[in-house]
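Subject: Structure handover

Hello,

Here is the structure I promised to pass on. My notes follow below it.

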Amino acid sequence: MDGKMNAGKLNAGKLYVMGVGPGASDLITVRAARILSELDVIYTPTGKKGTQSLAHSIIAEYLSPTTEICAYHFLMKADRAAKEAVWDEVAQTLKEDVANGRKVGFVTLGDPMLFSTWVFLLERMVSEQIKIPPWLEIVPGITSFSAIAAVSGIPLAMESQTLAVVSCTAPETVLEQALVNHDCIVLMKVYSRFTRIRDILRRHNLLKHALMMADATLPTEQCWRDLDTLSPDEQALSYFSTILINKNW
Ligand SMILES: C[S@@+](CC[C@H](N)C(=O)[O-])C[C@H]1O[C@@H](n2cnc3c(N)ncnc32)[C@H](O)[C@@H]1O
């Protein structure tokens, strides 16, 4: 099957894209757990060098033994063309499975609509981006920053406060605008950029309002409330590291 699928393919199977939360396997939704137990096939990402991904380890206990497991690997450090080739291939495979009448699962960490590679597949699969077709269901998940707010006790936003969610891959001017213009800020994808981000927070006198958490809700979870004194060892951060800032807390 070529091209994007339209809403008319009602006799086809169904694709369930499920957010599986921040890490703890009991932080997935009841709906996702039910769907996971009923799938014909599940697509799960592999980690580096073919190791089991975090998303796979979260869902393993919910899968039916009869569900076929298909692993794929999204390139993280390749150039754009190589990444796009993988997105094209995975999107095409998912479409073919759905067209063959299968109940297909695809999982993402946290929520699928927030900084997720899934959205590049979605763009390739649907013809009308403002409407979800009947062959697709997206199941929301608990985002990493919701989990971090809950675990640390720092509110995300209150009353008339504003909240910005920003990736540290954004240009420095974008980060600075978010820090100046909002009361509460979530900084995602911190890891290797920590020292640069800390310098920016220091410049804006925000270190005292910031908290960083790595591997939230996992056994390896770490939380730093004093970012000024992080040792170089501690700065070798997990990919799963996020900073929360609340200027009123
Ligand atoms: C590609 S984004 C995925 C975001 C995800 N869709 C969500 O809803 O949270 C990856 C970033 O999410 C954050 N992240 C994901 N899981 C995390 C966790 N368990 N603890 C801390 N940060 C996490 C980190 O900032 C990481 O660099």
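The shell around the ligand takes at least three residues from each of domain 1 (14–142) and domain 2 (145–246). Bear in mind that this is a predicted model. The shell holds 24 residues, and Gly110, Thr143, Ser144, Met188 and Ala216 come nearest to the ligand. The elements that give two or more residues to this shell are β8 and β10 (241–246). By type, the shell divides into 12 nonpolar, 9 polar and 3 charged residues.

Next, the two domains. The domain assignment gives domain 1 as 14–142 and domain 2 as 145–246. Their C-alpha centres lie 27 Å apart. In the contact between them, 6 residues of domain 1 meet 8 residues of domain 2. The domain 1 side of that contact has 5 nonpolar residues, 1 polar and no charged.

Now the sheet. It is open, has 5 strands and runs in the order β6-β7-β10-β8-β9, with mixed pairing. β6 and β9 (222–224) are the edge strands; each has a single partner, so one side of each is left without a neighbour in the sheet. From one strand to the next, the twist averages 15°.

Strand by strand, the pairing goes like this:

- β6 and β7 are parallel, with 5 bridges. Leu163 has Cys184 in β7 as its bridge partner.
- β7 and β10 are antiparallel, with 4 bridges. Leu187 is opposite Ile243 in β10.
- β8 and β10 are antiparallel, with 5 bridges. Leu211 is opposite Leu244 in β10.
- β8 and β9 run antiparallel and are joined by 3 bridges. Met213 is opposite Cys223 in β9.

In β7 (184–188), 5 of the 5 residues are buried. Both of its faces are covered: one side carries Cys184, Val186 and Met188, the other Ile185 and Leu187. Met188 is also among the residues that come nearest to the ligand. In β8 (210–214), 5 of the 5 residues are buried as well. Ala210, Met212 and Ala214 are on one covered face of β8, and Leu211 and Met213 are on the other. In general, side chains in a regular strand alternate between the two faces of the sheet.

What packs on the sheet? Helix α5 does, touching β6, β7, β8, β9 and β10. The direction of α5 makes about 65° with that of β10. Helix α6 (residues 172–181) also packs on the sheet, where it touches β6 and β7. The direction of α6 makes about 160° with that of β6.

Which of its residues are buried? They are Ser144, Phe145, Ala147, Ile148 and Ala149. The cover over these buried residues includes β6, β7, β8 and β10. Ser144 also belongs to the group that comes nearest to the ligand. Gly153 follows α5 and has a positive phi, near 80°.

Last, two backbone points to check. Most residues other than glycine have a negative phi. Glu159 has a positive phi of about 45°, although it is not a glycine.

Best wishes

Definitions and conventions. Residues numbered from 1 in each chain as written. Predicted model: local features only at pLDDT ≥ 70, side-chain atom pairs only at ≥ 80, totals over all residues. Near = placed C-beta within 6 Å. Nonpolar A, V, L, I, M, F, W, Y, C, P; charged D, E, K, R; others polar. Domains from an automatic or database assignment. Buried ≥ 20, exposed ≤ 12 C-beta atoms within 10 Å, placed from the backbone. Contact = placed C-beta atoms within 7 Å. Pairing = 2+ DSSP bridges. Axes fitted to C-alpha atoms, helices over the stretch in contact; angles between N-to-C directions.
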